[in-house]
Amino acid sequence: MSSTEDLDYPKTILQYNSGFLVSKVIFTACELGVFDLLLESGEPLSSDAIATRLGTSTTGMERLLDACVGLKLLAVELTQEGALYRNTEISNIYLTKSSPKSQYHIIMYYSNTVYLCWHYLADAVREGKNQYERAFGISSKDPFGAMYRSEEEMLKFMAGQNSVWSICGRDVLAAFDLSSFTQIYDLGGGGGALARECVSLYPNSTVTIYDLPKVVRVAKEQFVPPEECQIAFHEGDFFNDSIPEAELYILSKILHDWDDDKCRQLMAKVYNACKPGGGVLLVESLLNEDKSGPLETQLYSMNMLVQTEGKERTAAEYSKLLEAAGFGEIQVKRTGKLYDAVLGRK
């Protein structure tokens, strides 16, 4: 009988076991402002200097910095004065707040909200429902009521979604030629990052962000400047209120929040509102048809379990939802990035 040393799995299992440690290192470095400080300094700094300026212990900061070096988020240079740390290119681009492609806000949302829900993953698997009640002591019956439980939490969520579209938005919008659609509704468009990418890529289009009144108010105040004349807003709940007529409806990361019945209900409303010859663009992370991957999408589906009523689906499953509503000529494009595109026509 083979010993465990003869098998390939122990290293892999140990790496997976330490995955949450990696996440917490990144969360902590972002929260404390390590990457922002090193960008602003314009020169490498010692652990003592970083600790002093960020108000932490030297011993704790040195270990955090070394872990970031191991993750290739920082680089270290040994000099006569001691070790000096600087950002790597990936940190400057994705982990500093000031970068146009910053992922800081989604990282902080994962740290302060998602991570707490995942603590109760075993309960979510046992019960088949989200874990807001255990994590935050609030009702799990209305997922977005829980997500938007305070203006601060809503702002974090919206900023986090915007940061995702700063690096993925153009890929999904360019997956198909959407230039023939000039009147577009972005259902659940939140902070407007995808809408802004859309009018940039298709300058003849106008995009209306349809979202809850409190979301629209924050989007106007915080994210979409008044001079963005190609972007408009419509306040409402698209499950309970009417959906205005348009040529194209974009649903980005919307259907994965809901079960099949809710999705069918929403898609029927979209089909009825859609102009003849119009269409719907679904932006989602697609599972392989045999559910074998991608791993990121499988993990997103677990996140849907602990946070929402939905799940990630295959292209065939999304196509079936579109066909049930009446849409045809369905096309699927995998972008090679985190999110893919499915287009249906009326």
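## Annotated domain

An unreviewed UniProt entry annotates residues 118-327 as "domain: O-methyltransferase C-terminal"; UniProt positions are given in the numbering used here, feature names are shortened, and annotations may be inferred rather than shown by experiment. Helices (H or I, at least four residues) and strands (E, at least two) are DSSP runs, numbered from the N terminus.

This is a predicted model, in which local features need pLDDT of at least 70 and side-chain atom pairs count only at pLDDT 80 or more, while totals for chains, interfaces and linings use all residues. Residues are numbered from 1 along each chain as its sequence is written, and side-chain values use heavy atoms, with hydrogens and water left out.

Two strands pair if DSSP finds at least two bridges between them. Axes are lines fitted to C-alpha atoms, for helices over the stretch in contact, and angles run from 0 to 180 degrees between N-to-C directions.

Strand S8 (residues 274-284) pairs with strand S10 (residues 340-345) in the antiparallel sense over 6 bridges. Glu 284 has Asp 340 in S10 as its bridge partner. Contact means heavy atoms within 4.5 Å.

The axes of helix H7 (residues 104-118) and H11 come within 7 Å and cross at roughly 135°. H7 is therefore oblique to H11; angles under 35 degrees count as roughly parallel, over 145 as roughly antiparallel, 65 to 115 as roughly perpendicular and the rest as oblique. The crossing of H7 and H11 is left-handed. A crossing is left-handed if the near helix is turned anticlockwise from the far one by less than a right angle, and right-handed if clockwise.

Helix H11 (residues 151-173) and helix H12 (residues 193-201) have axes that come within 8 Å and cross at roughly 35°. H11 passes H12 in a right-handed crossing. Residues in this contact include Trp 165 and Arg 170 of H11 and Leu 194 and Glu 197 of H12. The contact of H11 with H12 has 7 nonpolar, 3 polar and 2 charged residues. Ala, Val, Leu, Ile, Met, Phe, Trp, Tyr, Cys and Pro count as nonpolar, Asp, Glu, Lys and Arg as charged, and the others, Gly among them, as polar.

Another open sheet has 3 strands in the order S1-S3-S2, with antiparallel pairing. Strand S1 (45-46) and strand S2 (74-79) stand at its edges with a single partner strand each, so one side of each has no neighbour in the sheet. S2 and strand S3 (residues 82-87) pair over 6 bridges, and Glu 77 has Leu 84 in S3 as its bridge partner. Helix H5 (residues 58-70) lies across S2 and S3, at about 115° to S2.

Helix H3 (residues 34-41) and helix H4 (residues 47-54) have axes that come within 11 Å and cross at roughly 110°. H3 and H4 are therefore roughly perpendicular to each other.
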